[in-house]
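User: I would like to learn how to read features in a protein structure. Please take me through this one step by step.
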Amino acid sequence: MHTPLSDTDFSFTPLPDLADDQRWSTWSSVEKGQHGPEPRPGWVVTDEGAVDTELGILKTGKEADVHLVERAVPGRPDRASVLAAKRYRNPDHRMFHRDAGYREGRRTRRSRDARAMSKGSAFGRSLVAVQWAHTEFTAMSDLWQSGVPVPYPVQVDDTEILMEYVEVAGGAAPRLAQARPDPDLLQSYFDQVRDAMAVMARKGLAHGDLSPYNILAAEERLVIIDLPQVLDIVSNPHGADYLLRDCRNVCAWFRSRGLPVEPDDLFAELVAQAW
Ligand SMILES: Nc1ncnc2c1ncn2[C@@H]1O[C@H](COP(=O)(O)OP(=O)(O)O)[C@@H](O)[C@H]1O
Ligand SMILES: [Mg+2]
């Protein structure tokens, strides 16, 4: 015979109270297609009970801010990871100077959205921010799967991308612009950039805003970031111009550090692979 349960018979782990700088992990609230590609690295925290905690701001930019977020299961130090959260700006504080040229040849499925975006209304601009986040996330996922050294893209939600935090001992990896590598490392860095550009070119793609500011130097290894404007070299009417500019920006930095690389040679090598 069953005795009725009293209130005190229920044992459960109380949910932790969340602080102002915390939220429940958004991992399971986003749709499947908004998660990063598989096989997923082991450090990605997918647990239902995980909590996201804001650790602070890493960089503010014109179009997006990058924050540090810890995603962790309370009480489980083995289920914790620090992520970079790139958040595209609120439409009122942001100018998408990169918009028009890069988007040529890209199609928007819903004509109402396309009209709102072309009119530049507040609604249209907020859609543009969401679209940039999704476009960057899709490009990162594609490139990561092709072996291009980009941060692993964990998930995208509205205007926020959560991705692998690229770090070195002591904090965030510096940008290549700040690096002073010795000649061997300088050559290795150039080979890494050229290889990454070549993989992209074989896919018909160019970064579109490649420079020593959008490449992180994680000790011996370079990681390419800031990918919302990745473009199709052939179908974009300015594709070749963007690729040439990427080659010039990259080679100018290597030359300034003492490696005599020619932008025209790099461009020719990449073009030969793209067609
Ligand atoms: N995954 C990451 N890991 C470490 N630092 C990052 C990461 N992503 C971005 N950053 C830092 O934030 C800065 C801005 O990010 P970026 O994607 O280049 O956006 P923006 O459009 O503002 O240039 C970078 O220059 C870099 O210093
Ligand atoms: Mg950048």
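Analyst: Two strands pair if DSSP finds at least two bridges between them. Helices (H or I, at least four residues) and strands (E, at least two) are DSSP runs, numbered from the N terminus. This is a predicted model, in which local features need pLDDT of at least 70 and side-chain atom pairs count only at pLDDT 80 or more, while totals for chains, interfaces and linings use all residues. Residues are numbered from 1 along each chain as its sequence is written, chains are lettered from A and ligands numbered from 1 in the order in which they are written, and side-chain values use heavy atoms, with hydrogens and water left out.

User: How many residues lie between strand 2 and strand 3 in their hairpin?

Analyst: Three residues lie between them. Strand 2 (51-60) and strand 3 (64-73) have K62 in the loop between them. The two strands are antiparallel, with eight bridges, and G56 has L68 of strand 3 as its bridge partner.

User: Is K62 buried or exposed?

Analyst: Buried means under 20% relative accessible area, exposed over 50%, and partly exposed in between (1.4 Å probe, protein chains only). K62 counts as exposed because its relative accessibility is 61%. In strand 3, by contrast, eight of the 10 residues are buried.

User: What does strand 3 pair with on the strand 4 side?

Analyst: Strand 3 is joined to strand 4 (residues 76-88) by 10 bridges, and the two run antiparallel. One bridge sets A64 against Y88 in strand 4. The hairpin of these strands has two residues between them, and G75 takes a positive phi near 80° there.

User: Which way do the residues of strand 10 point?

Analyst: In a regular strand the side chains alternate between the two faces of the sheet. In strand 10 (residues 215-218), I215 and A217 point one way, L216 and A218 point the other way, and all are buried. Strand 10 pairs with strand 11 (residues 221-224) in the antiparallel sense over four bridges, and A218 stands opposite R221. Their hairpin has two residues between the strands, with E219 in the turn at a positive phi of about 55°.

User: Which residues of helix 6 are buried?

Analyst: An α-helix has 3.6 residues a turn, so residues three or four places apart point the same way. In helix 6 the buried residues are P263, L266, L270 and A274. They lie on the same side of helix 6 because they cover an arc of only 70° around the axis (the arc of the directions from the helix axis to the C-beta atoms). Contact means heavy atoms within 4.5 Å. Helix 4 (183-202) and helix 5 (239-256) are among the elements that cover these buried residues.

User: Where is W253, and what does it touch?

Analyst: W253 is in helix 5, and its relative accessible area of 7% makes it buried. Leaving out residues up to four places away in sequence, W253 touches L176, A177, A179, P181, L186 and P212. From W253 to F190 the C-alpha distance is 10.0 Å, although they are 63 residues apart in sequence.

User: How is empty space found inside a structure?

Analyst: Rolling a probe the size of a water molecule over the atoms shows where empty space is left. On a 1 Å grid over the protein atoms alone, a cavity is a set of points where a 1.4 Å probe fits but cannot get out, and lining residues have an atom within 4 Å of a point. The lining of the largest cavity is made of M197, M200, L205, A206, H207, L210, L243 and D246. Helix 4, strand 9 (205-206) and helix 5 each supply at least two of its lining residues.

Notes
1 Å grid on protein atoms, 1.4 Å probe; cavity = no way out; pocket = protein on both sides within 12 Å on 5 of 7 lines; lining within 4 Å.
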